[in-house]
Amino acid sequence: IDSRFTLESVKTLYFDLVADGFISYDIQTNEVVVKDKIFHYIDAKNNKVDFDGYNIVSKTEETNASFDLKSGDILLNGVKNLELSRKQRVAIIPFGGQMVMQNDRDVDFNGTLYAGYSVLNGKDMHFQYKENQVGLDSVRYLDFFIPADVEPGVKPPAPTGLSSRIEHVQGTLLVDAPGNKSGKEEIPIFPSLQTSGPSYVFYDLPSTHDTAYTRDSFYFELDNFSFNSLDIYTKEQLRFKGMMHTSMIFPPYKEDIYVRDEDSSFGHVTTTAAGGWPTYQRKGNFEGDLDLSNRGYYGEGTLKYLTASVNAVDFLFKPKRMTASAKAFNMVEDRAGSPKTPKASGVDVSIDWLPYQDSMYVQSDEEAFKIFASGDHELEGRLILTPTGLIGQGVHDWPLATIRSRVLNYGPYAADS
């Protein structure tokens, strides 16, 4: 002990230690009693025991805190943030600077929760101190960011954001092990997100074909999932199982979503079953590959509608419309069915199908349609296929004559205008 220290010179230090809860000091007798906290502090400093580094600072011109005598809760104002784990990169920014401190240092809050490279925004979040976890009752948005892959010792650039987010999340965020609040032990799975109900990815961005894919019927429903190591993961690990709902373009189907390279959105490429899937409530049938992202819902394969068959690599499926630039369009002659239709074919045509208006418009700008099985009839213009028959618009030409008409009603082997 330095002999130059006097009681008066260390009194200020005593008062600081009292304020920090390390000692008690009797100013009448000058007696100092060392509390257990100081020994815990020393052991924590030497990594012998666990500790927390929580520090709540309230800065406001209004009331800093109010105590509810009935519930025992403390309403805190002017709180900029609360760091729950520096090691695991978990922190809270409460909406309006407000949070409610409850018994045993539990905290209720609405706001933004940062966990590694993920960000959760919502309300009714509840931090449980003893369990070292955050209950999530109503997370509006969950955003993932992809950390850059750099060499050790190189300062990484800012993580890359995705163009999709997961919405309506419920579950629990495990900050770290309950006995590892200080992060003194390296436990790789933390922070970890455990969902307890369905969550959703929607595709109703204004840039996605004028918000054609409305969220009430077109969405991906995620199964409950566990996602560990939120502070270090790769793009490939952002993969989730669930059910795709396509606004009745197709029946719901099980699939995964993952980050698409084309636009950094959640989506997938999937293949229909052999024989295809019914399309637009059985108005047609599609067999091939489907490509989902924020760019839209595309297909490559074969679409069948009534007696027509369309092969294309750029089907664009919307809830009430399908368009495509088809390499080949073919119709079979049907003399017995309904409708009765001729054989017809075209190449490099544009397709506009309005399934709920029972009309498929087929336009050929480069080469005339071949009409009838005889092979010597052609139509320059447009075909309209409906359940009542095939209509032609344009110039119908054959060796004996040429007809120009806005309405040509085609049967299996004849036409009238």
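Predicted model: local features only at pLDDT ≥ 70, side-chain atom pairs only at ≥ 80, totals over all residues.
Residues are numbered from 1 along each chain as its sequence is written, and side-chain values use heavy atoms, with hydrogens and water left out.

Next, display the C-alpha trace. Its atoms fill a box of roughly 125 × 50 × 35 Å along the principal axes. The radius of gyration is 34 Å, whereas a compact globule of 417 residues would have one near 22 Å (taken over C-alpha atoms; the globule rule is 2.2 Å times the number of residues to the power 0.38).

Colour by secondary structure to find 2 helices and 31 strands (DSSP runs numbered from the N terminus: helices H or I, at least four residues; strands E, at least two).

Now select His268, in strand S19 (residues 266-271). His268 is buried, with a relative accessible area of 0% (buried means under 20%, exposed over 50%, partly exposed in between; 1.4 Å probe, protein chains only). Beyond residues up to four places away in sequence, His268 touches, among others, Phe220, Met244 and Leu290 (contact means heavy atoms within 4.5 Å).

Finally, select Phe329. Leaving aside neighbours within four places in sequence, its contacts include Val310, Ile351, Met360 and Leu383.
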